[in-house]
Amino acid sequence: MKYSISKRPNPINKDEAPKYYATPIWEGQCSIETLTDEISLATSLTPADVRACLYAFLQAIPQHLMAGQAVNLEGFGIFRLSFSVSGGHEDAKEVSAADIETLRVLFRACAKLKDYLEKTPFTAERRAMELLKTRETTAAGGE
């Protein structure tokens, strides 16, 4: 995976000098069509069969999440819903669905996926390295 180098301020302490950070470079997206073709080539399923399975899969997951179930994709990870609330109440009778604000999907990678991802090679984007060298040269007094 490629990364660039960016200079960002500390969001917690705005008085602190900005620092340089590695920032991931996203190189496009993998579409359902791409996945369909790859899975079809790796199995005995036709692209139409794979596409039908993927669309059924994508329809089933939200239904289970909305029913309050975690969805465990063994070998990949667990999806579940969570939310934030606007605040607490002194009396339990005052708590209602109106207190629920941001609904989000949480994902926890399984150990197998984490192990696999630990092997991800990282390379600095060439321009990022050149930019860093330029900044270092300028900071050192300009050679």
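**Close-up views of a predicted model**

**Figure 1. Confidence along the chain.** The protein chain has an average pLDDT of 90, and 90% of the residues score at least 70. This is a predicted model. Strand 3 (residues 71-73) has the highest confidence, at 98. Helix 4 (residues 126-139) has the lowest, with a mean of 67. Where pLDDT is low, the predicted coordinates should not be read in detail.

Figure 2. Strand 1 (residues 2-8) pairs with strand 2 in the antiparallel sense, over 6 bridges. Pick out isoleucine 5: its bridge partner in strand 2 is alanine 22.

**Figure 3. The largest pocket.** The largest pocket holds about 330 Å³ of space. Two elements each give two or more residues to its lining: helix 1 (32-42) and helix 2 (47-66). Helix 2 gives the most, with 4 residues. Among the lining residues are Cys30, Ser31, Leu35, Phe57, Leu73 and Phe76. By type, the lining has 10 nonpolar residues, 1 polar and no charged.

**Figure 4. A salt bridge between glutamate 27 and lysine 2.** The whole structure has 3 salt bridges. In this one, the side chains of glutamate 27 and lysine 2 meet at 3.8 Å, N to O. Glutamate 27 sits in the loop between strand 2 and helix 1, and lysine 2 in strand 1, so the pair ties together parts 25 residues apart in sequence. Glutamate 27 is exposed, at 59% relative accessible area. Lysine 2 is partly exposed, at 36%.

**Figure 5. A salt bridge between arginine 51 and glutamate 33.** These two side chains meet at 3.2 Å, N to O. The pair links distant parts of the chain: arginine 51 is in helix 2 and glutamate 33 in helix 1, 18 residues apart. Arginine 51 is partly exposed, with 26% relative accessibility. Glutamate 33 is also partly exposed, with a relative accessible area of 37%.

**Figure 6. A salt bridge between lysine 19 and glutamate 16.** The side chains of lysine 19 and glutamate 16 meet at 3.5 Å, N to O. Lysine 19 is partly exposed, with a relative accessible area of 43%. Glutamate 16 is partly exposed, at 29%. Side chains of opposite charge can pair when their charged atoms come close.

Definitions and conventions:
Residues numbered from 1 in each chain as written. Predicted model: local features only at pLDDT ≥ 70, side-chain atom pairs only at ≥ 80, totals over all residues. Heavy atoms only, no water. 1 Å grid on protein atoms, 1.4 Å probe; cavity = no way out; pocket = protein on both sides within 12 Å on 5 of 7 lines; lining within 4 Å. Points joined across faces, edges and corners; volume = space filled by probe spheres on them. Nonpolar A, V, L, I, M, F, W, Y, C, P; charged D, E, K, R; others polar. Pairing = 2+ DSSP bridges. pLDDT = per-residue confidence, 0-100. Salt bridge = Lys/Arg side-chain N within 4 Å of Asp/Glu carboxyl O. Buried < 20%, exposed > 50% of the residue type's maximum accessible area, 1.4 Å probe, protein only.
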